[in-house]
Amino acid sequence: MIQKMLLKYAYNDLRSHKWDTSFFEQEIIHYLMDIEDNIPKENVTVLAVNISPVPDAVFGNLKLRWCKDPILYANSTVRNVDYETGQIYLNENVEKEKFPDLRVSYLFKFNSVQFLLLCWDKSSDKIEQNNIVLECQYPYCMLKAGNTTVTLAKCTDEFNYHHFEHIHVRWDGLFEVAVMRKYASGGNFKYKDEYEKKWDEEEQKIIDEHPRGKR
């Protein structure tokens with residue numbers, strides 16, 4: 001159901017922008033339209049991760065976001081961290097991971113859950129290899145046919161918190177930097193709590209000024 005749902009979203013987005021929809025040939029269209037067709041497509045990969053819910057004060061009430069062709073990094077964005085000074089040294093040449101025979105890719109965010117959708121050429125012999133790289137390299141859980149339950153890892157760093165379309169590798173140093181800063185602050189998020197309280201007050205003010213009609 002999740003695979004079919006994400007494929008429908010991707011297909012509609014491609015059509016609305018008049019982009020290439022050639023991946024969605026007759027078999028895929030039948031899969032999307034027929035409620036009885038519930039066999040997942042082997043050339044479509046879905047991965048998921050649990051992220052820290054972004055406070056409404058940051059992006060307003062934007063609960064749903066998506067983008068075409070997310071950037072999957074091939075290496076860590078952080079080269080080194082000086083633990084004595086706290087200085088962070090960034091990698092200057094972080095390359096984008098290139099997956100052979102990738103036809104369509106999308107990233108979807110539904111509040112605190114994020115999904116990666118990757119569609120491969122049906123005739124490709126690289127799908128299994130690509131899936132192994134995805135599982136090993138990124139902090140996402142692959143949703144596989146036959147699995148009825150899955151435990152999602154939690155993954156958010158300081159960069160993709162605001163740029164969700166950037167997918168960092170499991171060993172990216174920014175994850176460690178975030179933990180260091182949390183411990184340095186004593187785990188007390190005073191200012192975060194303050195601006196969230198201010199946002200709640202502002203949101204209530206907007207509701208009072210623009211009440212919805214009763215149905």
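A disulfide is taken here as a pair of cysteine sulfur atoms within 2.5 Å, and by this criterion the structure holds 0 disulfides. The model is predicted, so that local features need pLDDT of at least 70 and side-chain atom pairs count only at pLDDT 80 or more, whereas totals for chains, interfaces and linings use all residues. Residues are numbered from 1 along each chain as its sequence is written, and side-chain values use heavy atoms, with hydrogens and water left out.

The sulfur of Cys-67 has its closest cysteine sulfur in Cys-119, at 14 Å, which is too far for a bond. Cys-67 is buried, with a relative accessible area of 14%, and Cys-119 is likewise buried, at 0% relative accessibility, where buried means under 20% relative accessible area, exposed over 50%, and partly exposed in between (1.4 Å probe, protein chains only).

A nonpolar core is defined as a set of buried Ala, Val, Leu, Ile, Met, Phe, Trp, Tyr and Cys residues joined through side-chain atoms within 4.5 Å. The largest such core comprises 20 residues, of which Leu-116, Leu-134, Tyr-138 and Tyr-140 touch the most other members. At least two residues of this core come from each of β1 (44-50), β7 (113-120) and α4 (127-137), and β7 gives the most, with 3 residues; helices (H or I, at least four residues) and strands (E, at least two) are DSSP runs, numbered from the N terminus. Apart from this core lies another, of 19 residues, among them Val-46, Ala-48, Leu-117 and Cys-119.

Beyond its neighbours within four places in sequence, Tyr-140 is in contact (heavy atoms within 4.5 Å) with Leu-47, Ala-48, Val-49, Leu-107, Gln-114, Leu-116, Ile-167 and Arg-170.
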